[in-house]
Amino acid sequence: MSRPFNRGISGIRVFGGSNDFCDSQMKDKTEKEDLDRRGSSDQSPFSTRLPIRLLFPENSPSKYGTSENGFASDPLTPRNRHKLAMLLLKFSLALIIVVALTGSFWWTISISASSRGHIFLGYRRLQEQLVSDLWDIGELSLSSSRLKDMEFCPQEFENDVPCFNDSETLALGLSDGQEYDRHCIHGLKRNCLVLPPANYKIPLRWPTGRDIIWSANVKITAQEVLSSGSLTKRMMMLDDEQISFRSASPMFDGVEDYSHQIAEMIGLRNESNFIEAGVRTVLDIGCGYGSFGAHLFSKQLITMCIANYEASGSQVQLTLERGLPAMIGSLTSKQLPYPSLSFDMLHCARCGIDWDKKDGMLLIEVDRVLKPGGYFVWTSPLTNAQTFLRNKDNQKRWNFVREFAENLCWEMLSQQDETVVWKKTSKKKCYSARKPGSGPSLCSKVHDVESPYYRPLLACIGGTQSRRWIPIQERSVWPSRANLNKNELAIYGLHPEEIPEDAENWKMTVRNYWSLLSPLIFSDHPKRPGDEDPSPPFNMLRNVLDMNAHYGGFNSALLEAGKSVWVMNVVPTSGPNYLPLILDRGYVGVLHDWYATFPQPSSHSVFTLHYLPDLVLEVNNPNSCEAFPTYPRTYDMVHAEGLLSLETTQQRRCTMLDLFTEIDRLLRPEGWVIIRDRAHLIETARALTTGLKWDARVIEMESNSEEKLLICQKPFFKRQAN
């Protein structure tokens, strides 16, 4: 790196390591060379235990000795010292439990009938804090002995996506499209670090990297390139070590002309007017390799690509390698993990979905995630009257889709060649004006869940019960749309000043982040001959995964600071659900359960002493963690603010180490991790980074003594070529 990591900025102090990033480069290089010589080791999984059993690791000291990251096991580890340490941990745990139970008993016999409700809440918080403390003790006790077993995964895991594995899914005997759905098999955990392919190269920076990628970075064959059937799939060329994406297609002069055609069919002058028509967010189903979204990105539209998991030639993987928004998503038997009324436009260009199947439920799901007044664009040979419609079977299929769309209160705006554009109604009264029995009914309040999480498809029209039913033509156009008015904020129970205050805090935070990272983020990345290193904001930070997005403030601050990035805003299922607000602001995001939490008891249930042993027993016998639906090496930066605190009171199947192993899978080599949380949780996380082989520093927040900042960089380890 070009400069030391602990570059001073206002309000932050760096500590925790004897050497900074710049001083440790030679050491990192030596370690990488040693790993290259060793190659890939066999997977050596470690077991995850109950917090109580975490106090008794089977292996004592770490093989790392005194680490440069500041966390180490004592190199002088006599047997009696180890026994003494274990005894002290046992005693501490026993003391905590005795104090908790004694206090519980004393409060139980001393409370009056009038104060029971208040004591109930305090007792429950004590129970939760006890579990959190036990968890922290367990994580720290294993930070040296357990992490030494973190090895590199075998080569077959280079492009592995847990919950979407072909062999595991086939073993379940699924069919009828369900084999493409997400299936997180309980008891299956990958306790190893995923290495990139042998010839992997750091991606080219934007804007060049949007059109040219390294072929060794993805899993695709030349035959798959030549035989790809999607419109945007064919806009690519394979050239030696690179794949170039071009605007060439037998159907159209290029993606620009195709986008221009869609705009004209809507009634606009060209695609630059999409913003004025209220279109900002687009969901591209079966997106090919993202060329449609890449073009719209230059028009200030953000397009989320979703497609089925593919072991080779993946649409999602190649789109992500270009640095564009994408995630694995299957529209077969379950609802998409987006709230109702999420997107301004849905696009399907030869996406491979039979919209006439499943009694129209696939079209109903499109209607659910489409905002009022939004557009559905479908390009398919099935709609071409001069070719496919001469076949009676094709005519029957097309008539079903056309009539079903009409019963959904969609208006067909135009049909040209193979492309059809519908507009969703902006008036609810259209549904009551339909002929009786002419179309699907409206969902009841019980079934009309605003933010479903992989629930089965519904046969009724959703979203009509939502207070967010606002036509896109009546919303502010981008970028003013990011600042919701007071009436829109009232839907979420927020005061008009809350979002501006949150925005100011994030502006300051982003300035601090960039002050720390800007000297380091311009390392020697591949670039074209004659190019010089760019100045901010044109750098290697193309995309960010925000694991706990809150209101989307981090996304907003990055854009206002002029950073050429997009953010995947993730809202944990265990916290407040502000994902609808994030999507209404014109950003993209998704729900996800990071820790695979268990259902919580209702506030009206009796929280007794019997609940705590059940909770610990479940943690002692973990099931699967929920992997994020994307391929390895997806993001340039992973950010988490308050995520560890959010999860400490949850019943979890996964540990903090499991979470960090997943972050390592999602992060590209030389990518960054920024975690801001309570001080003791940051120290626990800091201890775990040693086993993950990350370069890490803890930043003390002088303005907030209760919080600390953990900044890490994932090294670039290479697998030896066979």
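This is a predicted model: local features need pLDDT of at least 70, side-chain atom pairs count only at pLDDT 80 or more; totals for chains, interfaces and linings use all residues.
Biologist: How many helices and strands does the protein have?

Modeller: Helices are DSSP runs of H or I with at least four residues, strands are DSSP runs of E with at least two, and both are numbered from the N terminus. On that basis the protein has 21 helices and 20 strands.

Biologist: What percentage of the residues is buried?

Modeller: Buried means under 20% relative accessible area, exposed means over 50%, and partly exposed lies in between, with a 1.4 Å probe and protein chains only. The accessible surface, from the Shrake-Rupley method with a 1.4 Å probe, comes to about 30,400 Å², and 51% of that belongs to carbon and sulfur atoms. Of the 722 residues in the protein, the buried share is 58%.

Biologist: What share of the contacts with a separation of 6 or more comes from residues 24 or more positions apart?

Modeller: Contact means heavy atoms within 4.5 Å. Among contacts in the protein with a separation of 6 or more, residues 24 or more positions apart account for 75%.

Biologist: How many disulfides does a search of the whole structure find?

Modeller: A disulfide is a covalent bond between the sulfur atoms of two cysteines. Here the criterion is a pair of cysteine sulfur atoms within 2.5 Å. Applied to the whole structure, the search finds 5 disulfides.

Biologist: What is the handedness of the disulfide of C153 and C192?

Modeller: The sulfur atoms of C153 and C192 are 1.9 Å apart. The pair links distant parts of the chain, with C153 in the loop between β2 (151-152) and α5 (166-171) and C192 in strand β3 (residues 192-193). Although 39 residues separate them along the chain, their C-alpha atoms are 5.1 Å apart. The torsion about the S-S bond is about 100 degrees, so the disulfide is right-handed.

Biologist: Are C153 and C192 buried or exposed?

Modeller: C153 has a relative accessibility of 1%, and C192 has a relative accessible area of 3%.

Biologist: Is the disulfide of C287 and C305 left-handed or right-handed?

Modeller: This disulfide has an S to S distance of 1.8 Å. It joins C287, in the loop between β7 (281-285) and α9 (291-297), to C305 in strand β8 (residues 302-307), 18 residues apart. C287 is buried at 2% relative accessible area, as is C305 at 3%. The torsion about the S-S bond is about -45 degrees, so the disulfide is left-handed.

Biologist: What is the torsion about the S-S bond of C443 and C460?

Modeller: The sulfur atoms of C443 and C460 lie 2.0 Å apart. Both cysteines are in the loop between α13 (429-432) and α14 (486-491), 17 residues apart. C443 is buried with a relative accessible area of 2%, and C460 is buried with 14%. The disulfide is right-handed because the torsion is about 95 degrees.

Biologist: Which residue stands opposite L591 in β16?

Modeller: Strand β16 (residues 588-592) is largely enclosed by the rest of the structure, because 5 of its 5 residues are buried. Both faces are covered, with V588, V590 and H592 on one side and G589 and L591 on the other. Strands pair if DSSP finds at least two bridges between them, and β15 (residues 566-572) pairs with β16 in the parallel sense over 5 bridges. The residue opposite L591 is V571.

Technical notes:
Residues are numbered from 1 along each chain as its sequence is written. Side-chain values use heavy atoms; hydrogens and water are left out.
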